[in-house]
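Keep the structure in view as you read.

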Amino acid sequence: MPGRTALLALGLALLPATAAHAQLRDLCPERPGLDTPPCIVDKGHFQIEMGLADWTRDRSDGQSTTTLSLGDSELRYGLDDSTEIRANWIAYSHERQHDRISGERSHVSGIGDLGLSLKHALLHPDGSGFSLAVAPGITLPTGSHGIGDGSWSASLLIPASYALTESLSLIATPEIDAAPDSDGHGRHLAYGSAGGLSADLGEKWNGSLEMQFIRDRDPADPSTQALGSMSLAFKPTESLMLDAGANVGLNHATPDAEVYFGVSRRF
């Protein structure tokens, strides 16, 4: 059951620490925000990162779409000092559409597709100094009809960060994707990058300001999406982080607004 799976993942994420963390790197989740950090999970350790709730609203061409996702989870495991494997999946998503011209309403709900990927650090796997990684991945069409893409896709991310000071870093994530065509037949190229600033706001807080531009060359409807993002994270312990964030669409092709909050836990 999707709900039970999400509750189990949340329970694991909130378990108290049972091992010493003196030799572990600083906790470095891939959430919140638009960028993917280049840091790698410590060898032999798991990390669960879960979006507890994610709400998106988009209004365009007389159509209003609202999406609520619960249990957007990623599991990461450190294979060695420079490499980790990752799996991500949405436990439940509900999408509601309203045609404001005709008044018709429809909705669909279910589970999301399964993503599998690997991330390998080329420089500084702890994320210090100038850090660089590559992250190839594939998404399998395991999601419910109307929720998943309905076909496989592939991606290559190149996460990078550069420490300007002890508390301020530049972050960027160029990417290139083989994305499914909207008509379900074949794939097309999508590419772009996220980038921004990440700042430590004391020992337990971190904030980020980011933007992302993605060019999607779907033969039926090519578009360029532009997002602005602001996020905040709080780390009460060395292996637990809570986060919240908001994204705003900067052009007509991008969803208008998104808000979310979640938790990350290393064990």
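Predicted model: local features only at pLDDT ≥ 70, side-chain atom pairs only at ≥ 80, totals over all residues.

Let's begin with the second largest pocket: its lining residues divide into 19 nonpolar, 15 polar and 12 charged. Residues are numbered from 1 along each chain as its sequence is written, and side-chain values use heavy atoms, with hydrogens and water left out.

Two or more lining residues come from each of the strands β8 (160-163), β9 (168-180), β10 (187-200), β11 (205-216) and β12 (223-237). Strands here are DSSP runs of E with at least two residues, helices are runs of H or I with at least four, and both are numbered from the N terminus.

What counts as a pocket or a cavity? On a 1 Å grid over the protein atoms alone, a cavity is a set of points where a 1.4 Å probe fits but cannot get out, and a pocket is an open set with protein on both sides within 12 Å along at least five of seven lines; lining residues have an atom within 4 Å of a point. The points are joined across faces, edges and corners, and a volume is the space filled by probe spheres set on them.

By this rule there is one cavity of 30 Å³ or more. The largest cavity holds about 60 Å³ of space, and its lining includes Arg 25, Asp 26, Cys 28, Cys 39 and Arg 266. By class, that lining has five nonpolar, one polar and five charged residues.

**Rings side by side**

There are three aromatic pairs in the structure. Rings of Phe, Tyr and Trp (its six-membered ring) pair if their centres lie within 6.5 Å; planes under 30 degrees apart count as stacked, over 60 as edge-to-face and the rest as tilted. Here are two of the pairs:

| Pair | Centre distance | Plane angle | Type |
|---|---|---|---|
| Phe 46 and Tyr 77 | 4.5 Å | 40° | tilted |
| Phe 46 and Phe 267 | 6.0 Å | 20° | stacked |

Phe 46 lies in strand β1 and Phe 267 in the segment after β14 (257-266), so that pair links parts of the chain 221 residues apart. Ring pairs join Phe 46, Tyr 77 and Phe 267 into a cluster.

**The sulfur link**

How many disulfides are there? The count comes to one, where a disulfide is a pair of cysteine sulfur atoms within 2.5 Å. Cys 28 and Cys 39 form this link, with their sulfur atoms 1.8 Å apart. At -75° about the S-S bond, the link is left-handed. Cys 28 is partly exposed at 25% relative accessibility, whereas Cys 39 is buried at 3%.

Definitions and conventions: Nonpolar A, V, L, I, M, F, W, Y, C, P; charged D, E, K, R; others polar. Buried < 20%, exposed > 50% of the residue type's maximum accessible area, 1.4 Å probe, protein only.
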